[in-house]
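Colleague: I'm new to this model, so please take me through it slowly, beginning with a single residue.

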Amino acid sequence: MNAEGTVAEVLAGAAKWSSLVGDVRETLRYVPDGSAQTCVTSPPYYGLRDYGTAGQIGQEQSPAEYVAAMVAVMREVRRVLADDGTLWLNLGDSYVAAASGKTSGDPHAKSTVSVNANVRAARGQSADKTKFGLPEKNLIGIPWRTALALQDDGWILRAEIIWAKGSPMPEAATDRPTREHEHVFLFSKRPRYFYDASAIEERGADGPRNARTVWEINASGCAEAHFATMPPELARRCILAGSRKGDVVLDPFGGAATTALVALQHGRRALLCELNPEYVEIQRRRLADFTADTSSPVRVEAPEWGALFAATKP
């Protein structure tokens, strides 16, 4: 079995992973219904980073627009998932920065939403963060705004998991506690769904016990990606609980391929979507141990199924 291949080859078991290059809102619609058993993903956080691409998710004018974009993506994810499939969604939060880009004593906000302000100002757009109704220094509540919107859109919200990082990014703010956690939401399409509780059970005082909703996992990074990525242990727990060996794991924000790496390590296959072609090269390098096949990633050139699902000729 090759490692990298087309979507069709992954779904047929002839390849282990495939990466669709382009805006996920366009590329994901070409993946057939019910293709993946679970989705484990960490989307771009609101206002945190500019990837230099027009229309990118995370640089919207307001939290409401960001949430709407997330709902649109996850609606496609729901279609791609099996009927008994699950979504594991990792989201971080953002603070409202002053319109000037200053953070009024909250340096952490300067590293999040104030970046968004500077990007929009450079593009000739309004950088006023208070226009969506929150005074500066507010914690926006992006994870729960998104979770509730997804619930309204038809997802079943099954659990809120707190990822306690243990070694968080340093913050200079002295008028609030330092944040040490992010959220992971577990959603399902239907009331009954596949969930392997034994795969992630914990060791308790009296023996094995059902996993709790606070996961203490140190943050980690990928040197090539230049920013913190999802820790492999976080991805591992989600993948093992949400899928069986041989299943397809979806990550619509593939990034440095942590989800795919863990999926392949545990006998699953992976479908990724990635906006930046440079990150596909990172994906190849991180997944290189699984094969020497480095054929071009799948690209969507037209609205036809076409070569997207054509098996690679020997």
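Colleague: What does Phe187 touch, not counting residues up to four places away in sequence?

Modeller: With those neighbours set aside, Phe187 touches Gly85, Thr86, Leu87, Leu89, Ala147, Leu150, Trp155, Ile156 and Leu157, where contact means heavy atoms within 4.5 Å. Before going further, please note that this is a predicted model, in which local features need pLDDT of at least 70 and side-chain atom pairs count only at pLDDT 80 or more, while totals for chains, interfaces and linings use all residues. Residues are numbered from 1 along each chain as its sequence is written, and side-chain values use heavy atoms, with hydrogens and water left out.

Colleague: Which residues touch the most other members of the largest nonpolar core?

Modeller: Met74, Val77 and Phe187 do, in a core that has 40 residues. A nonpolar core here is a set of buried Ala, Val, Leu, Ile, Met, Phe, Trp, Tyr and Cys residues joined through side-chain atoms within 4.5 Å; buried means under 20% relative accessible area, exposed means over 50%, and partly exposed lies in between, with a 1.4 Å probe and protein chains only.

Colleague: And which helix gives the most to this core?

Modeller: Helix 3, residues 63-80, gives the most, with nine residues. Helices (H or I, at least four residues) and strands (E, at least two) are DSSP runs numbered from the N terminus. There is also a second, separate core of 30 residues, and its members include Val40, Ile200, Leu240 and Val249.

Colleague: Stepping back, how many helices and strands are in the protein chain?

Modeller: The protein chain has nine helices and 14 strands. Of its 314 residues, 53% count as buried, and among contacts between residues at least 6 apart in sequence, 69% join residues at least 24 apart.

Colleague: Back to rings, then: how many aromatic pairs does a search of the whole structure find?

Modeller: The search finds six, counting rings of Phe, Tyr and Trp (its six-membered ring) as a pair if their centres lie within 6.5 Å, with planes under 30 degrees apart called stacked, over 60 edge-to-face and the rest tilted. Trp88 and Tyr195 form a stacked pair, with 6.4 Å centre to centre and 20 degrees between the planes. That pair links distant parts of the chain, as Trp88 is in strand 4 (residues 81-91) and Tyr195 is in the loop between strand 6 (181-188) and strand 7 (202-204), 107 residues apart.

Colleague: Which ring has the charged end of Lys165 over it?

Modeller: The ring of Trp163 does, with the charged end 5.2 Å from its centre; a charge sits over a ring if NZ of Lys or CZ of Arg is within 6 Å of the ring centre and within 35 degrees of the ring normal. Arg244 lies over the face of Phe194, at 3.9 Å from the ring centre.

Colleague: Last one: where does Lys137 lie, and what is its phi?

Modeller: Lys137 lies in the loop between helix 5 (113-122) and helix 6 (142-152), and has a positive phi of about 80 degrees although it is not a glycine. Ala257 also has a positive phi, of about 70 degrees, without being a glycine. Lys137 is partly exposed, with a relative accessible area of 32%, while Ala257 is buried at 0%.
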